[in-house]
Amino acid sequence: MATLAATLDVPLRDFRLGLSLRTAGTLALVGPSGAGKTTVLRAVAGLTRPASGRIALDDEVWFDSEARTWRAPEDRRVGLVFQEYALFPHLTVRQNVAFGGRDRVDELLERFGIAALAQARPGGLSGGERQRVALARALARGPGVLLLDEPLSALDAHTRATVRGELRALLRDFAGPALLVTHDFDDAAALADEVGVVAGGTLRQVAPPAELVAAPADAFVASLTGANLLRGRVVPHEGSLTALRLEHGPLVLSTDAATGAAAAVVYPWEVTVAHTSAPDSAQNHVQGFVRTIVRLGNRARVTVGDVTAEVTTESLDRLGLREGEAAVASWKATATRLVPL
């Protein structure tokens with residue numbers, strides 16, 4: 001499989017985008033709006049010209065500032081799916097796909113289940129159907145690299161779940177590297193082999209999704225992956241555990257080593273909630289009032305003070321917890337990662 005390698009230096013309005021990436025599979029760039037993610041896609045596609053750097057697909061060089069190499073977008077083997085799909089409203093579905101390339105139109109219409117819509121126009125399509133047309137058009141070019149800009153953000157929750165599965169299968173079968181950007185870590189983790197966290201134009205960490213959750217490089221990465229982030233300072237403590245005194249008072253214990261200002265990283269599924277501290281192996285107990293309870297199917301997210309727990313709705317109903325009531329959030333020292341601040 002080919003490898004996409006890019007080193008970019010792009011001056012933006014508020015900061016300078018400066019990063020290097022390399023992938024032969026699917027790499028997702030995740031981060032907040034304005035972090036520079038889409039600029040990376042535009043640079044690889046040839047829609048933005050970096051001040052310096054290099055972009056290549058194996059030995060096919062598309063940009064090299066030192067060698068003064070620049071290939072125009074139409075000369076790059078790239079399939080780009082824009083966030084809002086950018087379909088031509090006056091063209092039919094067949095004509096939109098054929099704009100990417102005419103050789104595989106019928107094959108791609110069948111593959112994406114849109115053959116029956118061949119004569120329809122984009123204005124009459126659902127969000128999921130428009131995305132399938134955009135993907136078919138991108139693949140019609142026979143791209144060496146597939147670029148996806150926020151591929152699921154324009155979809156409603158029901159369609160999003162279906163299309164996420166379809167897109168995961170497409171990326172698994174695609175014969176080249178793919179680069180996608182999103183602000184949603186769950187989407188990135190579901191679709192990509194590796195996830196790169198971008199903030200302020202820099203790559204904070206690149207790793208498989210499970211590694212980002214297990215060992216976030218810093219507090220920003222941890223918060224982006226959905227963890228509770230509890231800030232404090234390491235204080236002396238007897239025994240083998242590290243003690244972190246939180247900003248609002250409680251003491252949190254961890255098996256990680258740390259000094260000075262640090263944050264405790266705890267994922268919601270590691271936290272239990274109860275009316276009082278349970279006599280079990282959990283060594284961390286934070287008391288507070290139940291701020292919110294959000295039910296999600298057979299699960300519920302319960303926020304006690306600054307700590308969010310994810311529990312089953314069966315457990316929630318058994319406890320009879322209500323918003324505004326006093327409760328205790330508990331978790332183990334082994335479930336507590338410490339990252340420096």
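Is R301 buried, exposed or partly exposed? With a relative accessible area of 29%, R301 is partly exposed (buried means under 20%, exposed over 50%, partly exposed in between, with a 1.4 Å probe and protein chains only). Welcome to a predicted model, where local features need pLDDT of at least 70, side-chain atom pairs count only at pLDDT 80 or more, and totals for chains, interfaces and linings use all residues. Residues are numbered from 1 along each chain as its sequence is written, and side-chain values use heavy atoms, leaving out hydrogens and water.

**Salt bridges**
- A search of the whole structure finds 17 salt bridges (a side-chain nitrogen of Lys or Arg within 4 Å of a carboxyl oxygen of Asp or Glu).
- R301 pairs with E310 in one of them, at 3.0 Å from N to O.
- D317 and R295 form another, at 2.7 Å from N to O.
- Both D317 and R295 are partly exposed, at 47% relative accessibility.

**Around R132**
- R132 is buried, with a relative accessible area of 17%.
- Its side chain joins that of E166 through a polar contact of 2.9 Å.

**Nonpolar cores**
- The largest nonpolar core has 50 residues (buried Ala, Val, Leu, Ile, Met, Phe, Trp, Tyr and Cys joined through side-chain atoms within 4.5 Å).
- Among the members that touch the most others are V97, F112 and V195.
- A second, separate core has 27 residues, including V10 and L17.

Methods
A polar contact is a pair of N or O atoms within 3.5 Å; within protein, one must be able to donate a hydrogen and the other to accept it, and residues adjacent in sequence count only if both atoms are side-chain atoms.
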